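Hi,

Here is the structure I promised to pass on to you. Have a look at it first, and then read my notes below.

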Amino acid sequence: MSEAPIIQIKNVSKVYGGSVKAVDEVDLEVQRGEFFALLGPSGCGKTTLLRMLAGFEVPTAGQVIIDGHDMAKVQPNKRPVNMVFQSYAVFPHMSVEQNVAYGLKMDRRPSGEIKKRVAEALELVKLGGLGKRMPDEMSGGQRQRVALARALVKRPSVLLLDEPLSALDAKLREAMQLELVRLQKTVGITFVIVTHDQSEALSMANRIAVMNQGKVQQVAPPTGLYETPASRFVADFIGKINLIDATATRTGEGEVRVNAPKIGEVTLKGTAEGKVALAVRPEKIFVADKQPTDPGVIAIKGKVGEVAYFGSYSNVFFDIGLGQPLQADISNVTSDVEEFTFKAGEEYWIYWRKADTLVLGD
Amino acid sequence: MENWKNSVRTFWTAIVPPTFWLVTFFIIPLSLIWLYSFSTKTGVVDITLDWNLQQYMRALEPVYLGIFWKSIWMAAATTFVCLVISFPVAIAIVFAKPTMRMWLLLLVILPFWTNLLIRTYALIAVLRTNGFVNWGLEWLVDHADWALSFIGLGDNMLIGPFTPLQLLYNNTAVVIGLVYVHLPFMVLPLYAALDRLDRSYLEASLDLGAGHTRTFFSIVVPLALPGIASGVVITFIPAMGSYLTPDLLGGTDSYMIANVIASQFKQANNWPFGAALSFLLMYATFFALALRAVLMRKEGRGDKR
């Protein structure tokens, strides 16, 4: 992992029809052997970026370097990458074996080697013995495995995956997530996955680039993205979060004084100034009957509104006298139902640690 | 919505007009012709139905079989040329911008809206000895000669003088005419098949290292096979039975089977023999359709996702 990055995206833009900026001056580096995710809402440019890596789109500006080579003039069929398509694109007129062998035939490998590698690839994706099947005799999950085997058998430097799990049902999707992580560890190939599903990205990737409106908002490991989001957009996009509009002024190195309605003035760690958002994750909020005395917390009175019970926790909305309620995920740690039942209208003190509070700019 | 089985009146209202139409204007006349083919001509206008096979025996004589064979050959050549021309055209339309696509399709269909006779005479104006093609060639030759005169090779030393090409009244002219007439029959089913083709198949093929030519023959052609089969059949069948094009553009040896049939019904006034020839043509058509059905069943897989 100490070598040069396997993918370097330098100042890449893609403009459609002269004005629509699908990708807007993106800089990214993907390290060798990483499981990298491009995450964002639909239309954020993540798929365009992936297709530029595959060579199906040409950047309007900027440079794409894969494995040390500039890809500007390299056609898709000459790139050291292979792709798993969202629709799988398993050729319907070829058997599973023929599908997997297709790429090796194009490379004019000897037939003995093709046979061996196809069998290995099918074994790798747990489709051993199904080589003679036709795609229309297989389930969606199996077809996806064919697409994976077909791409991996070529031993690319990078495997590109375009929303690979979106067409699978929830259960299969979870199994496939683990499967992909296992595969990636087994083959050691760099994976770049595009997804709009944050849980998919968080559970699989080593690092995630969050994109919005063609721009990369933040690149970080899953924990970094969740615990220290760089902006309001990232915080809001990844997981649930409470955002309270506030103003902040800088008071010292990495320290700001924040003035928020109902909360008042607090000094917090952060760098954002001016109009900011105070942000706190619902699971970091606690509830008490009496006002907490700990000076390390922010406490506020709230009235119970809606409650959603999820078994292991309850998602409780507290009216704190602001426009929007504050939501808290309260762990249901006892089996005494009375203990954790929140009734609408009841008043509580809700509090969270200052250290868990984020000050986010736009 | 109410099931038609539950509403007898709806059922009959829907079924009677087309049935009437088919029976009156298709089945009855065709049956009459079919009966003629087993009849004998007994006078100038008298025909007796005596269930003999003489007319068919005569139709299978070498001279007529030769014309049948020639028709098949001409239709096959037409179909092949149409396929070769149509594939790039259909691909270009599929990959054109959606707004352009409509106009391009319109351009393909446009000749349909002009009378066949007018189109054929227009083609004569293009192909005849003092037609547009020969004019253009003459202009080219003259100017090439003029240009060569600057390096001292003028005055027809290298090329020319121009002799007009004989483009009309031969088999080539007939095939050119048939290709011109039948091109839309090939372009449209090909377009439909290619339009349905998921682009990611093409991208997957490129991604796996295939060039554009390989992708075309390994992915596009097999997946478009149902469309190709449709195009081939609906080009071949009318081409085989064409009458006007060989009549106007062909020479004395360009007779196709429809011309023989017409002459039997008209000049020769031999309806039974004309009927037998017609039905032989029809059996050939049925054979082609059956062949397509078998092909489609075999390749039906390509249609599914």
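Let me begin with chain B, which has 13 helices and two strands; helices (H or I, at least four residues) and strands (E, at least two) are DSSP runs, numbered from the N terminus. Chain B is more spread out than a compact globule, because its radius of gyration is 25 Å, well over the 19 Å that the globule rule gives for 305 residues. (That radius is taken over C-alpha atoms, and the rule is 2.2 Å times the number of residues to the power 0.38.) Along its principal axes, the C-alpha trace of chain B spans about 80 × 60 × 35 Å.

Before going on, please note that this is a predicted model: local features need pLDDT of at least 70, side-chain atom pairs count only at pLDDT 80 or more, and totals for chains, interfaces and linings use all residues. Residues are numbered from 1 along each chain as its sequence is written, while chains are lettered from A and ligands numbered from 1 in the order in which they are written.

Now for a helix pair in chain B. Helix α7 (residues 171-196) and helix α10 (residues 225-240) of chain B pack at an angle of about 160°, with their axes 8 Å apart. Axes here are lines fitted to C-alpha atoms, for helices over the stretch in contact, and angles run from 0 to 180 degrees between N-to-C directions. That angle makes α7(B) roughly antiparallel to α10(B) (under 35 degrees is roughly parallel, over 145 roughly antiparallel, 65 to 115 roughly perpendicular and the rest oblique). Among the residues that make the contact are B:Phe185 and B:Leu190 of α7(B) and B:Ile234 of α10(B); two residues are in contact if their C-beta atoms, placed from the backbone, lie within 7 Å.

Next, look at chain A. An open sheet of five strands there has the order β15-β19-β16-β17-β18, with antiparallel pairing; two strands pair if DSSP finds at least two bridges between them. Its edge strands are β15 (286-288) and β18 (326-331) of chain A, and each pairs on one side only. Six bridges join β17 (residues 313-319) of chain A to β18(A), and A:Phe318 stands opposite A:Leu326 in β18(A).

Finally, where do the two chains meet? The contact takes 20 residues from chain A and 19 residues from chain B. On the side of chain A that touches chain B, α2(A) gives the most, with three residues.

Enjoy exploring!
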